[in-house]
Amino acid sequence: MNRRYISAVRPLDGFVLQVDYVSGSRLLLDMKPYLDKIRFRRLADPQVWNSVVTNGIFVRFGNVELSHDELLSMAEQEYKPHP
């Protein structure tokens, strides 16, 4: 089975990642808080940041890879509704 969840990815200014889903939804994920983590440090390099691609399931910046589930999890952690 060949599922696709992500239709497109785009690196925006300020280290915001735009992820377009096949459902028509769009996620704008602020990656700045992650750039100090060992796994994501390379994304601070503009050449690496602008190299983002997707195969419909994973998002890749060179050898840094995130699954569609991980992206949604990161977005949920970022969003904290006010009581």
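Guide: Let us begin with H68, which touches Y5, I6, Y21 and I57, leaving aside residues up to four places away in sequence. This is a predicted model, in which local features need pLDDT of at least 70 and side-chain atom pairs count only at pLDDT 80 or more, while totals for chains, interfaces and linings use all residues. Residues are numbered from 1 along each chain as its sequence is written, and side-chain values use heavy atoms, with hydrogens and water left out.

Visitor: What makes these neighbours of H68 count as touching?

Guide: Contact means heavy atoms within 4.5 Å, and Y5, I6, Y21 and I57 are listed as touching H68. H68 itself belongs to helix α2, residues 68-78. Helices (H or I, at least four residues) and strands (E, at least two) are DSSP runs, numbered from the N terminus.

Visitor: Why is H68 called buried?

Guide: Its relative accessible area is 11%. Buried means under 20%, exposed over 50% and partly exposed in between (1.4 Å probe, protein chains only), so H68 counts as buried.

Visitor: How do you know that R26 and D20 form a salt bridge?

Guide: A salt bridge is a side-chain nitrogen of Lys or Arg within 4 Å of a carboxyl oxygen of Asp or Glu. For R26 and D20 the N to O distance is 2.6 Å, so the pair meets that rule. R26 is exposed at 54%, whereas D20 is buried at 14%.

Visitor: What makes D36 and K37 a salt bridge?

Guide: Their distance is 3.8 Å, N to O, which is within the cut-off, so the name applies. D36 is exposed, with 53% relative accessibility, and K37 is partly exposed, with 43%.

Visitor: Why are E65 and R60 both called partly exposed?

Guide: E65 has 32% relative accessibility and R60 has 29%. By the salt-bridge rule the count comes to five.

Visitor: How do you know that β1 and β2 pair?

Guide: Two strands pair if DSSP finds at least two bridges between them. β1 and β2 (residues 16-21) have six, in the antiparallel sense, so they pair. In β2, V19 is the bridge partner of V9.

Visitor: What makes β1 and β3 edge strands?

Guide: Three strands form an open, antiparallel sheet in the order β1-β2-β3. β1 (6-12) and β3 (26-30) each pair on one side only.
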